[in-house]
Amino acid sequence: MIWQRNSLLSIEDLSSEEIIFLLKKAKSIKEQKEKSGQVLPSLKGKRIINLFMEPSTRTRVAFEIAAKSLGADIISITGEASSLTKGETLKDTAMNVQALGADAIVIRHSSPGSPLFLSRLVDVPIINAGDGAHEHPSQALLDIYTLQEKLGDLRDKKITILGDILFSRVARSNLWGLLKLGAEVTLAGPSTLVPREFEELGARVTHDPNSALEGADAVMLLRIQHERQQASHFPSLAEYANVFGLDSVALARMKKNAIILHPGPLNRGVEIESEIADSHRAVILQQVANGIAVRMAILHSCIIRQEGDPS
Ligand code: CP
């Protein structure tokens, strides 16, 4: 296939072929980096603006490393350090960033749909780095990349996403991506945080953690997104940890070599026992590392475009 998009706004938008294209491209970049220590500076002379209106460690830094590894200049602007705090609108901010010569804008914002909104206002590629509880496409791509590295073909693999699904953009993006690649996806957590409506998209929904983990090939744990919740959805964090936290008893319900993912930041002792987070079953830091090659693939594809299959 030929990649023709100039923006990456969601995984819902992508076809399975487009997802596979980006994953193959990330694999090729990672292999090239491991073989020769570097990749071609194919974005030399390009200027990328990281516009992060919500806090971030992994995503912002990985986009910075990805851009620099491809030879691009990247400038990061955070919410507190921007003129948004002086009343400037997001639209004006983006138009000014474009006037400053941006070749692409990577945006994280608390409002769902803000990347789509910007993509209609400016002529440069917009990369969604997380918009409210809507989507986090680059995270899902690196999660799926890591799952494929560990499990191979994801068709019919049982992947459980456990935690605060309702407020999670990571869960939504992963759900779209995993279903498009043929995985069986179970969404699990407290009934207040895992609506039955997700069944309409093709997921299995359960509020029983034992059933969710039984025979699973992988579990992706999600933290409670307190920053998006107006009210408490369960009695206390201790009770949440007691029922839904991943401990050694819960882990034993999964397949023998099942793996544990977490997009971070993780809350040790809540959604996962600290010892399990540090165990060989957890691939959390491998996810983070894979995020660089995946974001290189995204930036290169959206800025250069019209490119044939990487394999
Ligand atoms: N997974 C993720 O989005 O982490 P950050 O908030 O640190 O970018």
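Modeller: Below we go through the ligand site and then the domains. This is a predicted model, in which local features need pLDDT of at least 70 and side-chain atom pairs count only at pLDDT 80 or more, while totals for chains, interfaces and linings use all residues. Residues are numbered from 1 along each chain as its sequence is written, and side-chain values use heavy atoms, with hydrogens and water left out.

Colleague: Which residues surround the ligand?

Modeller: P55, S56, T57, R58, T59, R108, H136, Q139, P263 and G264; to count, a residue needs a heavy atom within 4 Å of the ligand.

Colleague: What does the side chain of S56 have 2.6 Å away?

Modeller: An oxygen atom of the ligand lies at that distance from an N or O atom of the S56 side chain. A polar contact here is a pair of N or O atoms within 3.5 Å. The Q139 side chain has an N or O atom 3.0 Å from a ligand nitrogen, and a backbone N or O atom of P263 is 2.8 Å from a ligand nitrogen.

Colleague: How much of the ligand does the protein bury?

Modeller: The protein buries 91% of the 250 Å² that the ligand exposes when taken alone (Shrake-Rupley method, 1.4 Å probe).

Colleague: Switching to domains, what does the assignment give?

Modeller: Domain 1 (16-136 + 291-306) and domain 2 (137-287); the bounds come from an automatic or database domain assignment. Their centres, taken over C-alpha atoms, are 26 Å apart. The contact between them, meaning heavy atoms within 4.5 Å, takes 26 residues from domain 1 and 26 residues from domain 2.

Colleague: Where does the ligand shell draw its residues from?

Modeller: From domain 1 and domain 2, with at least three residues from each.

Notes. A polar contact is a pair of N or O atoms within 3.5 Å; within protein, one must be able to donate a hydrogen and the other to accept it, and residues adjacent in sequence count only if both atoms are side-chain atoms.
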